[in-house]
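Biologist: I would like to learn how to read sheets, helix packing and interfaces in a model. Could you take me through an example?

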Protein chains: 2
Amino acid sequence: MNDLRPPAEDRPVAPGIPEATVARLPLYLRALTALGETGLRTVSSEQLATAAGVNSAKLRKDLSYLGSYGTRGVGYDVEYLRYQIAREIGLNEDWAVVIIGIGNLGQALSNYGGFRSRGFRIVSLVDGDPARVGEQHGDLVIESMSDLDRIVKENDISIGVIATPGDAAQGVADRLVSAGVTSILNFAPAVLTVPSGIDVRKVDLSIELQILAYHEQRKRLPGEVRS
Amino acid sequence: MNDLRPPAEDRPVAPGIPEATVARLPLYLRALTALGETGLRTVSSEQLATAAGVNSAKLRKDLSYLGSYGTRGVGYDVEYLRYQIAREIGLNEDWAVVIIGIGNLGQALSNYGGFRSRGFRIVSLVDGDPARVGEQHGDLVIESMSDLDRIVKENDISIGVIATPGDAAQGVADRLVSAGVTSILNFAPAVLTVPSGIDVRKVDLSIELQILAYHEQRKRLPGEVRS
């Protein structure tokens, strides 16, 4: 699989849910969590759609894949819908994750509270620099690349996060795959080639900045009316 | 504006391009850049749609907002379409950016090559801890929050990046807005409240991990056929 490919509208994960719906489930979950924190017990499809930034017809269609249709005149139960979506995504399981490349980004990711709260548990930090091995970071100690096979097997790790420089990323991906990891989250500025059956997602931290730039540019246009 | 709201299909930026299209333009740009690097000069809408992970009818509709229709039987000129999209997003301008909160994440962001290559220039690093002020990071020296007004004005900064802990984020957002920043990229685990006219985008680093978890879970289902 090529990591240039974000979820495609017309590429269903047979026999599951369309890729585009899968990509929106985390957005619904985030919106439901925020709405739940305000004390809301039920939510209409319009409210939830607004909070998640999609139109309500699309939201209802997406949730229908989960067998969730809400109650006419009442809407959806916030807590139960959260549970349904988390279960569908697989967040009720405990996902063991290894981070490879413990520079500033790797350290930031290892401290990121948003992982643990969604069921992702960082169980190992690995760095290619032998001089870094043994360094303590929180509860973990940096381990050696040469121990990767053992680390993956002992901890039943299926997800690897690559936070290395770009030129090291493909080599690390190859090592992860041969150790048995089947999903890779790539923060490195590199396009990875992996065997079929391995999922790769690439995070581009500039995407959101580009969307802000579009709006900034429009604010500067003379005579422009802001919505 | 509430940062729980990603681009809505039905929330057009009058009189511009629909929000959902704006959110896809960076994906097209990323795909075109990768295709261009392989030496490709022209690309069909089907090829580009596959590389960007959308369906080709949606791609053609999106590009039609830019007045870009391609040539029948030939497709789109890769370099020219890149230029058109970058111009539409505003990446041909030079965007001065300040990062606030220079922990591991702030430092990682200040070194992130993907910003500069898209026209974003980190011109200042600011931290709320007086003991950090004066620390050298690459070409920049950490500056004080008390100098934020001057920093924003001198550098004509319209975009601020918040990389502080969650409990500091709202205070920093308030300071950025009062200094004149009109777009905020928020990496902190906090929901920000800002006046209307200020754009906020929140980065949730766990979204892509959640999508991987969905696929991992399906790989583990007994008897499941992988597409």
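Modeller: Let's go through the sheets, the helix contacts and the contact between the chains in turn. Keep in mind that this is a predicted model.

Biologist: I'll start with chain B. In what order do the seven strands of its open sheet lie?

Modeller: For a sheet, read the strand order across it and then the sense of the pairing. In chain B the order is β5-β6-β4-β3-β7-β8-β9, and the pairing is mixed. The edges are taken by β5 (136–137) and β9 (199–202) of chain B; each has a single partner strand, so one side of each is left without a neighbour in the sheet.

Biologist: In which sense do β4 and β6 of chain B pair, and over how many bridges?

Modeller: Strand β4 (residues 120–127) and strand β6 (residues 140–144) of chain B run in the parallel sense, joined over three bridges. To place that pairing on the model, look for Leu125(B), whose bridge partner in β6(B) is Ile142(B).

Biologist: And what is the strand order in chain A?

Modeller: Chain A has an open sheet of seven strands ordered β5-β6-β4-β3-β7-β8-β9, again with mixed pairing. Its edge strands are β5 (136–137) and β9 (199–202), each pairing on one side only. Within chain A, strand β4 (residues 120–127) pairs with strand β6 (residues 140–144) in the parallel sense over three bridges, and Leu125(A) stands opposite Ile142(A) in β6(A).

Biologist: Which helix of chain B packs on that sheet of chain A?

Modeller: Helix α9 (residues 207–220) of chain B does, touching β3 (95–100), β4, β7 (159–162), β8 (183–186) and β9 of chain A. The direction of this helix makes about 170° with that of β8(A).

Biologist: Now for helix pairs. At what angle do α1 and α2 of chain B pack?

Modeller: For two helices, take the angle and the distance between the axes, then ask who makes the contact. Helix α1 (residues 19–37) and helix α2 (residues 45–52) of chain B pack at an angle of about 110°, with their axes 9 Å apart. An angle of 65 to 115 degrees counts as roughly perpendicular, so α1(B) and α2(B) are roughly perpendicular to each other. On the α1(B) side the contact is made by Leu27(B), Tyr28(B), Ala31(B), Leu32(B) and Leu35(B), and on the α2(B) side by Leu48(B), Ala51(B) and Ala52(B). These residues divide into eight nonpolar, no polar and no charged.

Biologist: How should I read the interface of the two chains?

Modeller: The size of an interface is often given as the accessible area lost when the parts come together. Here the area buried between chain B and chain A is about 7,500 Å², with carbon and sulfur atoms giving 59% of it. Leu205(B), Leu209(B) and Tyr214(B) supply 9% of the area that chain B buries against chain A, more than any other three residues. The contact takes 79 residues from chain B and 79 residues from chain A.

Biologist: How many salt bridges are there between chain B and chain A?

Modeller: Side chains of opposite charge can pair when their charged atoms come close. The count between chain B and chain A is six. One pair to look up is Arg118(A) with Asp204(B), whose closest N and O atoms are 2.7 Å apart. Over all chains, a search of the whole structure finds 24 salt bridges.

Biologist: Where do Arg121(A) and Asp94(A) sit?

Modeller: Their side chains meet in a salt bridge (2.5 Å, N to O). Arg121(A) is in strand β4 of chain A, while Asp94(A) is in the loop between α4 (78–89) and β3 of chain A; the pair links distant parts of the chain, 27 residues apart.

Technical notes:
Residues numbered from 1 in each chain as written. Chains lettered and ligands numbered in written order. Predicted model: local features only at pLDDT ≥ 70, side-chain atom pairs only at ≥ 80, totals over all residues. Heavy atoms only, no water. Pairing = 2+ DSSP bridges. Helix = DSSP H or I, 4+ residues; strand = E, 2+ residues; numbered from the N terminus. Axes fitted to C-alpha atoms, helices over the stretch in contact; angles between N-to-C directions. Parallel < 35°, antiparallel > 145°, perpendicular 65-115°, else oblique. Contact = heavy atoms within 4.5 Å. Nonpolar A, V, L, I, M, F, W, Y, C, P; charged D, E, K, R; others polar. Buried area = accessible area lost by both parts, 1.4 Å probe. Salt bridge = Lys/Arg side-chain N within 4 Å of Asp/Glu carboxyl O.
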